[in-house]
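The sequence and the model are shown first.

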Amino acid sequence: MDTLIQLDKQLLVFLNSFGSEGFDPFWLFITKQLNWIPFFLVVMYFLYQRLGLKKLGITILFLAFLILCTDQLTNLVKYSVQRLRPCNDLDINGIIRVVKCSGTYSFFSGHASNSTATMLFLFLILRRFYKYAFLVFIFPLVFAYSRIYLSLHFPGDILVGYMAGIVMGSLCYKLFQYAEKKYGF
């Protein structure tokens, strides 16, 4: 396990070294959820076009449930593992660019888990109607990378967050399909 943690730290140092002050404002903008509202509105519009208002409302309820569950799972693991964020890790914080820091724990990334879970859930719905539905995955990829760039997460935090998001998004979609068949919405 120590070898894996050291590799994770080395990968962070490598990836973090690509940053520069000129790009910092861009990545600080990307990492804020509210700045993605136009993207979410476009996705909701595409859903509304194909599902109608009633089914869109039900989909939003499922999304809220999914985010609640994914967020709670993330926090449970974070406070159980208690891994320091890169910006607070004394082994590396002197050799990385710290753009933003937080006093909370790092493992695993809530940005990665929630964004992956929600976009996978939406992709599984949208793929029935849109050939390019896979483009929704741009959001979790860019959003989660911002956390590495800013020195808030290790790459391993992001990868495990992606895996947790895949599991949670898949489970919620199965529940959605079950409800769709049972209640005919």
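This is a predicted model: local features need pLDDT of at least 70, side-chain atom pairs count only at pLDDT 80 or more; totals for chains, interfaces and linings use all residues.

Residues are numbered from 1 along each chain as its sequence is written, and side-chain values use heavy atoms, with hydrogens and water left out.

**Largest pocket**

- The largest pocket holds about 480 Å³ of space; a volume is the space filled by probe spheres set on grid points, which are joined across faces, edges and corners.
- A pocket is an open set of points on a 1 Å grid over the protein atoms alone, where a 1.4 Å probe fits, with protein on both sides within 12 Å along at least five of seven lines; lining residues have an atom within 4 Å of a point.
- Its lining comprises 23 residues, and Gln33, Ile67, Asn114, Ser115 and Phe143 lie nearest the centre.
- At least two lining residues come from each of α3 (37-81), α4 (110-126) and α5 (138-149), and α3 gives the most, with 9 residues. Helices are DSSP runs (H or I, at least four residues) numbered from the N terminus.
- The lining of the largest pocket divides into 9 nonpolar, 10 polar and 4 charged residues, where Ala, Val, Leu, Ile, Met, Phe, Trp, Tyr, Cys and Pro count as nonpolar, Asp, Glu, Lys and Arg as charged, and the others, Gly among them, as polar.

**Second largest pocket**

- The second largest pocket has a volume of about 250 Å³.
- Among its lining residues are Met1, Leu4, Asp8, Arg83, Phe107 and Gly156.
- α1 (2-16) and α6 (155-183) each supply at least two residues of this lining.
- By class, the lining of the second largest pocket has 7 nonpolar, 1 polar and 2 charged residues.

**Disulfide**

- The count is 1 disulfide, taken as a pair of cysteine sulfur atoms within 2.5 Å.
- The sulfur atoms of cysteine 87 and cysteine 101 are 2.3 Å apart, and their link is right-handed, with 85 degrees about the S-S bond.
- Both cysteine 87 and cysteine 101 lie in the loop between α3 and α4, so the pair ties together parts that are 14 residues apart in sequence.
- Cysteine 87 is buried at 6% relative accessibility, while cysteine 101 is partly exposed at 41% (buried is under 20% relative accessible area, exposed over 50%, partly exposed in between, with a 1.4 Å probe and protein chains only).

**Other cysteines**

- The closest cysteine sulfur to that of cysteine 69 is in cysteine 172, at 7.5 Å, too far for a bond.
- Cysteine 69 is partly exposed at 27%, and cysteine 172 is buried at 4% relative accessibility.
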